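User: Could you take a close look at one strand and its partners for me? I'd like a connected walk through it.

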Amino acid sequence: MTRRVKNLLGSALAACALAAAAAEPWTLERLMQGLAQTRSARATFVEKKTLRILERPLVASGELSFTAPGKLEKRTLRPKPELLRLEGETLTLERAGRSTVLDLRSHPEVAAFVESIRGTLAGDRKALETVYRLSLEGSEASWVLTLTPLEQAMRALVERIRIAGRGADLSVIEIRQANGDSSLMSVQRLPAP
Amino acid sequence: MTRRALLPLAVWLAALAAAAGIAAGARYTADLSGFLPRSPSPAQQLLVEQLRDGAVGRMMLLAIEGADAGARTAHSRRLAKALRADARFAYVANGEAAGSARERELLLEHRYRLSPAVGAQRFTEAGLRAAIGETLDLIASSAGGIAQALLARDPTGELARLVSLQMESGSRPSMAGGVWASRDGTRAVLLALTAADGADTDAQEAAVAAVQAAFGEAPGASLRLTGPGVFAVESRELIRGEAMRLGVLGTVLVAALLLAIARSAAALALGLLPVLTGALVGVAAVALGFGVVHGITLGFGATLIGEAVDYAIYLFVQADARRAAPERTRAWLAEFWPAIRLGVLTSILGFAALLFSGFPGLAQLGLYSVAGIAAAALVTRFLLPHLLPAQLRVRDLSALGARFAVLSRAHPGWRWLVLALAAGAVILLYTGRDGLWARDMSALNPISEESQTYDGLLRADLGAPDTRYLVVVRAADEQATLSAAEEVSRALEPLVAAGALAGFDSPSRYLPSRATQVARIAALPDAAALRQRLRAALQGSPLRAERLDAFVQDVARARRAPPLERKDLAGSAFGLALDSLLLPGKALLPLRAPASGPNAYTIDPARVRAALAGTSATFLDLKAEADAMYSGYLREALALSLAGFAAIALLLAVVLRSAARAARVLAPLVVTVLVTAGLLAAAGQVFNLLHLVGFLLIVAIGSNYALFFDRELAQGEPSPRVLASLLLANLTTLVGFGVLASSSLGVLRSLGLTVSLGALIALPCAALFSARRADGR
């Protein structure tokens, strides 16, 4: 261990820092660590829902904001204004002047789904692995994390979720449902205010 | 025993057998019905029905505490599963999604009859375009789950609308681990409805036992139940236990007293004979008169011990032991029975006034006492003299009596002191008159305040309605009632929009009137027209009309389907809601007060009534009604007590053939009641109905004392033997009611305290006031 660290330090001295980081293998561990560094972030999103029954996708767009460890807000601006707020175990949806509160503990499918995004944003591997099998492909500059539900009941709803990103930033979240419908959300991180 | 004893003995045995038979077959209850009026106003009737037969009365609230959250969740699931399979429960909910699958199915199946959005406009080309556009927007958003899954069948989004309406209809419990939990997360909560009525205490007891058996043994976790039925079972247990404990304790103490003076087992048995006969006859009379015996009535059994044993004591102590047995009782009957008879009559008159009470609890108590006292007196008069052993050697208590006689020779100054005390009591009672009486029924409730508070907590946890505010609509039949409920719903909607109401429930939400259903179905076009309109409406939409075959088929099926009926909803949460909201000839629409904002937790009756103007509906605040009902009881009981007192005064005046003499008998009684009331008030007691009954009892018991003094003084000096018998009678009263005062039940305690204190004051008071006549001589 010490020898290895020494070796690493040695090579770090020999080469530039970026090269050293690139040299280290890109692992789930490192991805999660990197993601966990993010304390808060804001982003715009465009979400395309492709339903087999529809001729063309439905598009929604708006803003996302995340504050570690568990607060997530999705503010849709188009086609209809709507605010989805996740805090702890409570999911609040404000739409058309009405507010609906959902307790995640009573809706395990919704919870699993929400947890996939929140867990990824928070870099909470443990939380993710209670519900999904994780597999990572690509490099730090361009990675794809695939989440496959462990539970058969959940797989009947969501076949898999693929999250693509670069470093500690997410760029695309793709959710594939078992019935063939899917949703593709492109995320553009906004600079910290 | 002589041959002449055979007839009374035979009559007594026959009466006893009949009474025992009736009492054994009687129905005993301990639910709230004992506190509900016999001839209620319409509003009270509603209150009664809700508690007795309605879903409110069948509601059982369950809480699992202890252990950890995971274990509580597992227990909740296990318990709910077991109870759902139990026929004694009509409905069990613990928040599990599985529990609402049938409701979802019903909403989907009947969506075109249930959805308020369905109208002619909705199925025109423009209406379809707007509705489907909205659904697509919803799917594009984050809340599109249901809408997306059902797009092909339900493109206009009726189900999503109905589900969100259901979610609005009540505040929803918190969740932990997928089941309902308290807000603070320390307990899992469940809601169950028994199949049996809330008033059927036996069935409720079986249901409580079933819940406990289903829960079984859970290490570290405990189960707690509340609700009207549970409370009825608990109070019956409590009252049964108390009646038993007090009865045994009172009997043992009185028996010890009897043994001490009569010194023989035979005398003891004879002394208890009138008491036991009276108790049995009293219960039988109530069973015959009311059809059901309320537990509280049995609790008053102890009162009878204190009163009925006196008759035997008078016989034992007053009868002259120097004479032979037959001669002795004959002399006693001639000498003393008239005074005792008058005392019995005054007691009966006092209690008879209660018979006219609209409050069944009081009326039962009145009948029980009248029958019991009459039976005890008859046994003493006609049976005991025959059974009295020849060599009954009663302890000579003359010395005790002689010492007591001092009081009746006391200086007149003492009387003035007592009168001053009474005057002080009057001033105290008058100045404190506003806080003198309990304002609600809670004082009469045998359930502890802690349990009631816990029940309130669980209700808040579960978002269970407290049904305080109700709108009631009445109509001739079910359809007219539903139509009226729909009309009222339309009138109430603006109040919800304005924030004056958080919401309301209506039976028409679950079962629209036939007319409304027909109108909604009439708005559905036939398959060909629908296809054509869809094609036109969906021009340029990502959704193609060809994809909506399932929708067209569902609409066609809805057009053919028979109307939704009450029986279709049976066994579901909707059926249950309907059962509690749609009653024969009327519908109830519970209103919910806003939980926040300027009108938080209050509903302005004027505003609701204004909104209801022009409809046939009435607005009710049930808490206000219940409080009004209670103060009605109180006023009535007060009037009846005064009437009883007047009847006693009249009886005395007639029998004693002198108003002045009657007044002299009554004076110490009035003074006793005033001083007792003053002392209780000074000690911080808040009076309820039972204190009032206690005052009446003081008059009934005290009149015996005063009558004896009257009789004795008419013949000169009071005899030590008679005084001793009065002292003993007083002691038994103190024992009987003192035992009652030790009860954990508030009602019994109030009565026991009042009467024992009153009895303590009544005897010396009667003696002091008799002294006036001694002076006058």
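Analyst: Two strands pair if DSSP finds at least two bridges between them, and strands (E, at least two residues) and helices (H or I, at least four) are DSSP runs numbered from the N terminus. This is a predicted model, where local features need pLDDT of at least 70, side-chain atom pairs count only at pLDDT 80 or more, and totals for chains, interfaces and linings use all residues. Residues are numbered from 1 along each chain as its sequence is written, while chains are lettered from A and ligands numbered from 1 in the order in which they are written.

So, to strand E2 of chain B, residues 59–66. On one hand, E2(B) runs antiparallel to strand E7 (residues 221–226) of chain B, with six bridges joining them. One of the residue pairs here is Gly66(B) with Ala221(B) of E7(B). E2(B) also has seven bridges to strand E6 (residues 187–194) of chain B, again antiparallel. There, Leu61(B) has Leu191(B) as its bridge partner.

How much of E2(B) is buried? Six of its eight residues are, so the strand is largely enclosed by the rest of the structure. Buried means that 20 or more other C-beta atoms lie within 10 Å of the residue's own; exposed means 12 or fewer, partly exposed is in between, and C-beta atoms are placed from the backbone.
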